[in-house]
Amino acid sequence: MVTRIDQPTYFLFNTRTFPYRADRGGIDAELYGAGYMTSPKDKMDLDSARNGTMAWQILSAHNKSGNDEKLKLRFDALTSHDITYVGIIQSARASGMKEFPMPYVLTNCHNSLCAVGGTINEDDHRFGLSAAKKYGGIFVPAHLAVIHQYMRERMAGVGKMILGSDSHTRYGALGALSIGEGGPELSKQLCNRTYDIDRPEVIAVHLNGKPRPGVGPQDVALAIIREVFKDGFVKNKILEFIGPGIRHLSMDYRNGIDVMTTETTCLSSIWETDETTRKYLAMHGREDEYRELKPARVALYDGMLMVDLSRVESMIALPFHPSNAYTIHEFNANAADLLHKVEEEARAQFPKVKLDLVSKLENGRLRADQGIIAGCAGGSYENLMALANALRGKSVGADGFDISAYPASQPVFMELLKNGAAAEICAAGVTMKTAFCGPCFGAGDTPANNGFSLRHTTRNFPNREGSKPANGQLSLVALMDARSIAATAANGGLLTAATDEPMQESIGTYSYDSAPYEARVFDAWGKADRDAALVLGPNITDWPEQHELTENLLLQVASVITDPVTTTDELIPSGETSSYRSNPHKLAEFALSRRDPEYVGRAKRIRGYDEARVNGSDTEEVKAALAKLGAADAVASTGIGSVVCAVKPGDGSAREQAASCQRVLGGCANIAREYATKRYRSNLINWGMLPFTCEEEIGSFSNDAWIYIPGIRAILEKGETTVKATVLDGDAKREITLTLPTLTEEERTIILRGCLINHYRAEM
């Protein structure tokens, strides 16, 4: 299905691949072993070919640095949902922002249900509307559209760059290079600053062939994720989709693959555009935003994935990651062993949990408890039409299996109502709901304990379905394409590959109707009313003040996590906690609560040491530790903070609160072997936390151990990358080396000043 070329020695030439031969002084397009040779006029130098990618065409047009290797990017538009926009606007406001300098879309698709915390969700929405009025934004009310569907329908255009505070900000199939980042990066854009990165590598994804009937976009996406995730092949790189297979894919199909590229840990994605793209934009009233986008005649890539669409099968990604993927046929042949493996992994992570998934097998086949088709990945028109086709004249049954469908926008829902598909879906026993991202992050539709849910959504991390394993409650999610979920529903929950069922492929002609948006979206872009008042509900609070970095730093370990990967959902849980994301202190109470319930108490105790220092009354614990470390005379110049030690933290969501909650609790650093994503590392930096890496085994650290770093302020000011530290564990001392690689000058300044807000205030 997917073949990988993992050497930075391949380039595209008129849709064929050829090796780059450094020993021949540059690129000559010779396909060795196949007897194909170009004429001398086809030779190009390496730099010219490197600039031939679609990604570079867009990046270079948005780069303000004048340096092709150190990029400073300004975006064309921003987007956030109601879990993140309050904090972003509060940060930008505190940093001096007077109005939005580019279109900023505020959607309300995460905190749509006011199930927790009284009025606080709707208070956030009122804040968002008032901010759109005051600063000139675009406000999309709850239940009207999920964030990424709205951006596809109304904002994404060829050649644009869009920055979103949601990790699945991906509009590459529409020719828009889009990035999901933590909130502070949006605050920077709102303050007319830039997004600063080294020039990213670009990986070609060459699509060939045509998907067989029953194979959907989630199947293709899971096949790619399975191939590249575990060894980080495309981490922080741009995926560039090219090749003749694209012409066989509808825009819904392309969007469905594209949005899932986030799960590869790539930075962004971009696709060739064609007549299908033009028609989509024209249907949505934006044909003027179309242009043909394709690589230059010769384009050098840093690697390539060759995807034969005709060989992709119906897939299933088992808990607890989209990369844990198998063909459904592979799973059915080994179901007992694979389910037992999931049980063992769950027991290792969550000792209180008792699972019995193997009991769900009937004659060797899994009977699921639930199906969900929702969100930016699942809730497209074509996916829901596939559901309607599969269930026409059938019933999902009344024996425990239930299924819900969430159209991604009101225009999609309206078309399903107009053509009768919604009625057929409902008649089969499916519950249809409004546009809402809840099933993607654990708000609503939580199955029973030991329940098994099949979902066409974005993620299947632990807790993404809303369970609470720390309390002994755990249900599980497997990702599948809507077509196989539909086939499974037609069989009463018995796991079925869509390729094994006769399926009607006809979906009719989609007709977009913008009436819901014209009626309800508040669009004040370019019409800011600076005299308008912000509406601040009682839960909405400002970020607490943060102190500058001291001359020396004494860290105490507050949590040690030795799992291979730590997700942002473990650092700050999703689900019901989202209601508190406009109140930094209340939200911080949930930090690591599902992974290390003792963390908050430890972090508060350590924060108390630094509060005492600031108030001029150093504690005996700190003085004793510094004395043992031979630094008794450094008490006055040493700040105290907590540190989280983890192998590979930060996979998953872009939400800044994974870092800011640690900072609110007095966190000053993370120590990791590596960081799972750029966006999590950026969040640490923007909140004034040191993103250390080290070669030490993370398990060698222990809770309550002290780590003393003398001269840390001078180290940052000089731009040094190697940091010597001493670990004090009880009475035992040892020296370690920490590193701070690839910090820009501004990033160092942000950490020195304590956080991004302090940095902007100082500059004002």
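Modeller: Here is one to begin with: the second largest cavity has a lining made of Arg170, Ile179, Gly180, Glu181, Tyr195, Asn236, Thr265, Cys266, Leu267, Thr677, Lys678 and Arg679. Bear in mind that this is a predicted model.

Colleague: How much space lies in that second largest cavity?

Modeller: About 80 Å³.

Colleague: And which elements each supply at least two residues of its lining?

Modeller: Those are β11, residues 177-180, and α24.

Colleague: How do the lining residues divide into nonpolar, polar and charged?

Modeller: The second largest cavity has 4 nonpolar, 4 polar and 4 charged residues in its lining.

Colleague: How many cavities does a search of the whole structure find?

Modeller: It finds 7 cavities of 30 Å³ or more. The largest cavity holds about 200 Å³ of space.

Colleague: Which residues lie nearest the centre of the largest cavity?

Modeller: His81, His110, Asp166, His168 and Arg464 lie nearest its centre, out of 20 residues that line the largest cavity. Two elements, α5 (147-154) and α16 (438-441), each give at least two residues to that lining.

Colleague: What is the split by class for the largest cavity?

Modeller: Its lining has 7 nonpolar, 9 polar and 4 charged residues.

Colleague: Which elements give two or more residues to the pocket lining?

Modeller: β6 (70-73), β12 (195-198), α24 (678-686) and α26 (745-753) do. The largest share comes from α24, with 4 residues. That helix also supplies at least two residues to the lining of the second largest cavity.

Colleague: And by class, what does the lining of the largest pocket have?

Modeller: It has 14 charged, 8 nonpolar and 6 polar residues.

Colleague: Change of topic: helix packing. At what angle do α3 and α6 pack?

Modeller: Helix α3, residues 85-94, and helix α6, residues 183-190, pack at about 45°, and their axes are 9 Å apart. At that angle α3 and α6 are therefore oblique to each other. The crossing of α3 with α6 is right-handed.

Colleague: Which residues in α3 and α6 meet?

Modeller: From α3 there are Ile88, Ser91 and Ala92, which meet Gly183, Leu186, Ser187 and Leu190 in α6. By class, the contact of α3 with α6 has 4 nonpolar residues, 3 polar and no charged.

Colleague: What about α7 and α8, how far apart are their axes?

Modeller: The axes are 8 Å apart, and helix α7 (217-228) packs on helix α8 (251-259) at an angle of about 30°.

Colleague: Are α7 and α8 roughly parallel or oblique to each other, and why?

Modeller: They are roughly parallel, because angles under 35 degrees count that way. Their crossing is right-handed. Pro217, Val220 and Ala221 of α7 make the contact with Tyr253, Gly256 and Ile257 of α8.

Colleague: How many charged residues does that contact have?

Modeller: The contact of α7 with α8 has no charged residues; it has 5 nonpolar and 1 polar.

Definitions and conventions:
Residues are numbered from 1 along each chain as its sequence is written. This is a predicted model: local features need pLDDT of at least 70, side-chain atom pairs count only at pLDDT 80 or more; totals for chains, interfaces and linings use all residues. Side-chain values use heavy atoms; hydrogens and water are left out. Axes are lines fitted to C-alpha atoms, for helices over the stretch in contact, and angles run from 0 to 180 degrees between N-to-C directions. Angles under 35 degrees count as roughly parallel, over 145 as roughly antiparallel, 65 to 115 as roughly perpendicular and the rest as oblique. A crossing is left-handed if the near helix is turned anticlockwise from the far one by less than a right angle, and right-handed if clockwise. Contact means heavy atoms within 4.5 Å. Ala, Val, Leu, Ile, Met, Phe, Trp, Tyr, Cys and Pro count as nonpolar, Asp, Glu, Lys and Arg as charged, and the others, Gly among them, as polar. On a 1 Å grid over the protein atoms alone, a cavity is a set of points where a 1.4 Å probe fits but cannot get out, and a pocket is an open set with protein on both sides within 12 Å along at least five of seven lines; lining residues have an atom within 4 Å of a point. Grid points are joined across faces, edges and corners, and a volume is the space filled by probe spheres set on the points.
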